[in-house]
Amino acid sequence: MKLARFQGNRLGLVEGERVRDVTLALDDLPAPRWPLPIGDLVIAHLDRLRPRIDALAPSQPTLALASLPLDSPIANPGKILGAPVNYRDHAAEAKADSGIAQGRTVKTLKDWGVFQKATSALAGPAQGVKLRFPDQRNDHEVELVAVIGKTGTNIAARQALDHVAGYAVGLDMTLRGPEFPGLRKSIDSYAVLGPWLTTADEIADPQALDLRLAVNGVERQRANTREMTMGVAELIEYASRYFTLHPGDLIYTGTPAGVGPVRAGDVIEAGIAGLGVMRIAVRDAG
Ligand code: MN
């Protein structure tokens with residue numbers, strides 16, 4: 001199942017070149033009161049929603065996918081995690097590029113651990129990227145994103161994929177500089193997610209997916225998720241040793257070589273086989 005969000009609060013079922021508006025399925029969700037539960041309401045109740053969506057779909061109207069501006073498929077992640085230097089070729093590039101290394105010794109993911117991006121950085125392809133500090137380097141990083149489906153802590157790698165609701169394409173936008181990643185990668189719109197959520201049952205092996213990014217039609221990044229040093233299951237095990245993972249938490253799993261700067265006016269195309277392609281306009285925040 002491929003689930004998109006549009007017009008802020010509408011739920012769409014992606015069917016080829018059409019999107020079926022299945023927003024009515026959300027009528028079954030509980031209406032939470034303060035204090036709100038941690039995590040995303042749709043993802044927390046996805047097992048209940050899926051049969052409702054299937055039953056409703058044939059009677060619901062469709063829209064053309066190509067002309068529909070898409071929001072982040074996950075509306076309310078409790079956490080956005082990121083894996084630094086999770087592809088060997090990007091580690092080599094980071095060591096060789098002083099604009100990335102910024103005088104630091106480039107270490108491994110196991111030395112640094114995962115970092116967090118602010119949830120306010122989340123954007124869909126429709127919102128695009130709004131650059132701050134345009135005189136500094138703002139780099140694109142295409143990444144597979146795993147969406148956590150159920151609550152868990154100290155999750156063993158061999159069970160970890162059972163905790164994944166689905167996958168999406170992520171763009172981990174990164175301002176280069178000496179500050180901690182949690183600051184530089186948390187600028188509004190620097191965590192793009194889309195174009196929709198593909199549920200985990202449609203992805204036989206998350207470590208066998210081709211990913212690609214182009215800027216203005218020129219390819220910059222091309223790799224396969226098998227080249228990760230820590231796979232999705234190991235990242236979930238690692239992160240959940242430190243904190244509980246909740247439905248809707250996002251894990252940006254790291255980027256391969258080819259990262260580079262973008263400027264206002266650029267159009268980024270980021271895609272992963274089986275998960276779709278998103279086109280993202282880059283502007284100055286002003
Ligand atoms: Mn990254």
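Tutor: Strands of a sheet pair through backbone hydrogen bonds, either parallel or antiparallel. Here strand 10 (residues 138–140) pairs with strand 13 in the antiparallel sense, over 2 bridges. Two strands count as paired if DSSP finds at least two bridges between them. Strands (E, at least two residues) and helices (H or I, at least four) are DSSP runs, numbered from the N terminus. The model is predicted: local features need pLDDT of at least 70, side-chain atom pairs count only at pLDDT 80 or more, and totals for chains, interfaces and linings use all residues. Residues are numbered from 1 along each chain as its sequence is written, and side-chain values use heavy atoms, with hydrogens and water left out.

Student: Which residue is the bridge partner of aspartate 139 in strand 13?

Tutor: Threonine 174.

Student: What is the strand order of the open sheet?

Tutor: The order is 13-10-18, 3 strands with antiparallel pairing. Strand 13 (174–175) and strand 18 (260–261) are the edge strands, each pairing on one side only.

Student: Which residues coordinate the manganese ion?

Tutor: Start with the cut-off. Donors are N, O and S atoms within 2.8 Å of the metal (3.2 Å for Na, K and Ca); water is not among the atoms, so sites may look incomplete. In this model the manganese ion is coordinated by Glu141 (OE), Glu143 (OE) and Asp172 (OD), at 2.0 to 2.1 Å. The donor spacing in sequence is E-x1-E-x28-D. Glutamate 141 sits in the loop between strand 10 and strand 11 (142–148), while aspartate 172 is in strand 12 (residues 164–172), 31 residues apart.

Student: Are glutamate 141 and aspartate 172 buried or exposed?

Tutor: Both glutamate 141 and aspartate 172 are buried. Buried means under 20% relative accessible area, exposed over 50%, partly exposed in between (1.4 Å probe, protein chains only).

Student: How many salt bridges does the model have?

Tutor: Side chains of opposite charge can pair when their charged atoms come close. The rule asks for a side-chain nitrogen of Lys or Arg within 4 Å of a carboxyl oxygen of Asp or Glu. The count comes to 18. Take lysine 79 and aspartate 249: their closest N and O atoms are 2.9 Å apart. This pair links distant parts of the chain, 170 residues apart. Lysine 79 and aspartate 249 are both buried.

Student: What is the salt-bridge partner of glutamate 141?

Tutor: Lysine 185, with closest N and O atoms 3.2 Å apart. Glutamate 141 lies in the loop between strand 10 and strand 11, and lysine 185 in the loop between helix 7 (181–184) and strand 14 (191–199), so the pair ties together parts 44 residues apart in sequence. Shared partners join Asp97, Lys117, Arg137, Asp139, Glu141, Asp172, Arg176 and Lys185 into one network.

Student: Which elements do the buried residues of helix 8 pack against?

Tutor: First, helix 8 (residues 232–240) has 7 of its 9 residues buried. They pack against strand 6 (80–82), helix 5 (109–112), strand 11, helix 6 (157–160), strand 12 and strand 17 (250–252). Contact means heavy atoms within 4.5 Å.

Student: And the whole chain?

Tutor: The protein chain has 8 helices and 20 strands. Its radius of gyration is 18 Å, close to the 19 Å that the globule rule gives for 286 residues, so the chain is as compact as a globular protein of that length. That radius is taken over C-alpha atoms; the rule is 2.2 Å times the number of residues to the power 0.38.
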